[in-house]
Amino acid sequence: MSSPIRYEFNEARAAISDAHWNELAEPLEEARQEVFADVELFNSGGDVPQEKQPLDAGFIEFPRRLLDEYEKDSSGSLLGRILESGQMLRDELDRLVVLGIGGSYMGMRALFEGLCDPYHNEQPRELRGEIPRLYFEGNNVDNDAAQSLLRLLKTQCKDATDFAQRWGIVVISKSGGTLETALAFRLFREALEEYYGSESREATRYVVPVTGETGKLRDFSNERGYPTAFPIPDGIGGRFSIFTAVGLLPAAAMGIDVVQLLEGAAEMTERFRTAGSGDNPAMDYTAVCHLLEKHAGLKTRILSTWGKALEASGLWYDQLLAESLGKQEKGALPLTVVNTRDLHSRGQQHQEGVRDKLITNIFIEKPNDDLLAIPQVEENRNQDQLNKFAGKTMPEVLRAAFDGTNKAYADVNRPTADLFFPELNAHVLGQFFQMMMLATVLEGRLIGINPYGQPGVEAYKKNMNAILSGEM
Ligand code: PA5
């Protein structure tokens, strides 16, 4: 593995007794074996016992499968077609609207914020690497937000023959029936058809649905004859779908190295399958989180990200953990913070509040960009007294904040663990997403909760539909 992420947990481990740590070894190993037995059962296509339904274990080997197929047939494979379609969107459009919610949205948002310039949309095209601007909608029912984007498209795109004024849609919904996405799709599709002409080639070429093999969106897509549509395979649930076309197609359109992303994910699966304690981030993370929740009451899991680019990755994880394990009145509470920003908001509570929090830091060891350093100024301009730190770089200041915060927590016996990213790139994020998905499934098997499915989400949808239909 070229740049493995590292999970270091000495501080947290010190809060766990040896007896508890050792007792967990066997059940944890059994849970790991169950995860792979699930994969075998899933691959066999055999009957899934009632208590295992739904069984969405398809995500575990999917990255390797995509890569292997691509190696054998680079243009005919699914990945080859995703790359080709991503390239078409990149080459022919200047703005791309991604519609989707939950697992059909948060992964791509994490990739965009993690791997693209934070001011991407504001850059002229040549500084954007000839890559379209990206917008997200359909992830809420927010009149003003949707209206603003529609207005922006209308005012900025007036001449459809001008390449710089062309926009398109990637609409993502596994079920194809999610109201938020369906509603936004109808609105944006109408706007798009009005712009290009409903019978024009562009009206179908610049809409790419990503959806399940059956459902309302699949039906519409077939009927409308969109030339390109991608499947979300059965057996891969929404929040586990980042390495399907759900994440890969918009990522490819944004010029993200999806092969490296998949390599990172596939390598993490292999590490999870083979590595022992101490070098197995998914297993070690699960052990630490589980034991501290069970024996020390640390029911709140803070993902403490050190870098603005990681906030959406944290929110992706919030959904993953909450929807997967928040069942049967169990499941830890996930909470993402971004430091140093949130040291000035939540830090007080983490340091001195209720002792129910485990803090897992994510720290990027090497910035991608040139280093900024504190300039030395004339003494008569040194009222901020920063000359004593002159020459220190931003990463040095951040590292001091990170080490200082960890020490402050250690001094009052607040457990922390650290996930180190050697740098922030597609390969590293591929490892991270797969690690967290594996850890979540592993923990589910360990505590006897089916991590797949989200039956509780159906309640609000049912009520909302009944209210809208006048039945409630
Ligand atoms: O994890 C899940 O399955 C959910 O969060 C879904 O992704 C979300 O509800 C969106 O569903 P769909 O893709 O069917 O529109």
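Thr305 has Val338 as its bridge partner in strand E8. The model is predicted: local features require pLDDT of at least 70 and side-chain atom pairs count only at pLDDT 80 or more, while totals for chains, interfaces and linings use all residues. Residues are numbered from 1 along each chain as its sequence is written. Helices (H or I, at least four residues) and strands (E, at least two) are DSSP runs, numbered from the N terminus.

**Strands E7 and E8**
- Strand E7 (residues 300-306) runs parallel to strand E8 (residues 333-338), and six bridges join them; two strands pair if DSSP finds at least two bridges between them.
- Together with helix H13 (residues 311-325), E7 and E8 make a right-handed β-α-β unit. Right-handed here denotes that, with the strands pointing away from the viewer, the path from the first strand over the helix to the second runs clockwise.

**Helix H7**
- Helix H7 (residues 179-196) has 18 residues and reaches 25 Å from its first C-alpha to its last, close to the 26 Å expected at 1.5 Å a residue. The expected span is 1.5 Å times one less than the number of residues.
- The buried residues of H7 are Glu180, Thr181, Ala184, Phe185, Phe188, Leu192, Tyr195 and Tyr196. They lie on the same side of H7 because they cover an arc of only 110° around the axis, the arc being that of the directions from the helix axis to the C-beta atoms.
- A residue is buried if 20 or more other C-beta atoms lie within 10 Å of its own, exposed if 12 or fewer, and partly exposed in between, with C-beta atoms placed from the backbone.
- Arg186, Glu190 and Glu194 are exposed on the other side of H7.
- Phe185, found in H7, is buried, with 26 other C-beta atoms within 10 Å.

**Helix H12**
- Helix H12 (residues 281-296) has 16 residues and reaches 21 Å from its first C-alpha to its last, close to the expected 22 Å.
- H12 is mostly covered, as 13 of its 16 residues are buried.
- Gly297 follows H12 and has a positive phi, near 70°.

**Phe136**
- Phe136 belongs to strand E3 (residues 133-137) and is buried, with 21 other C-beta atoms within 10 Å.
- Phe136 and Ser313 are 177 residues apart in sequence and 15 Å apart in space, C-alpha to C-alpha.

**Ligand shell**
- Of the 14 residues around the ligand, Gly102, Gly103, Ser175, Thr178 and Gly238 come nearest; a residue is near if its C-beta atom, placed from the backbone, lies within 6 Å.
- The shell divides into one nonpolar, 10 polar and three charged residues. Ala, Val, Leu, Ile, Met, Phe, Trp, Tyr, Cys and Pro count as nonpolar, Asp, Glu, Lys and Arg as charged, and the others, Gly among them, as polar.
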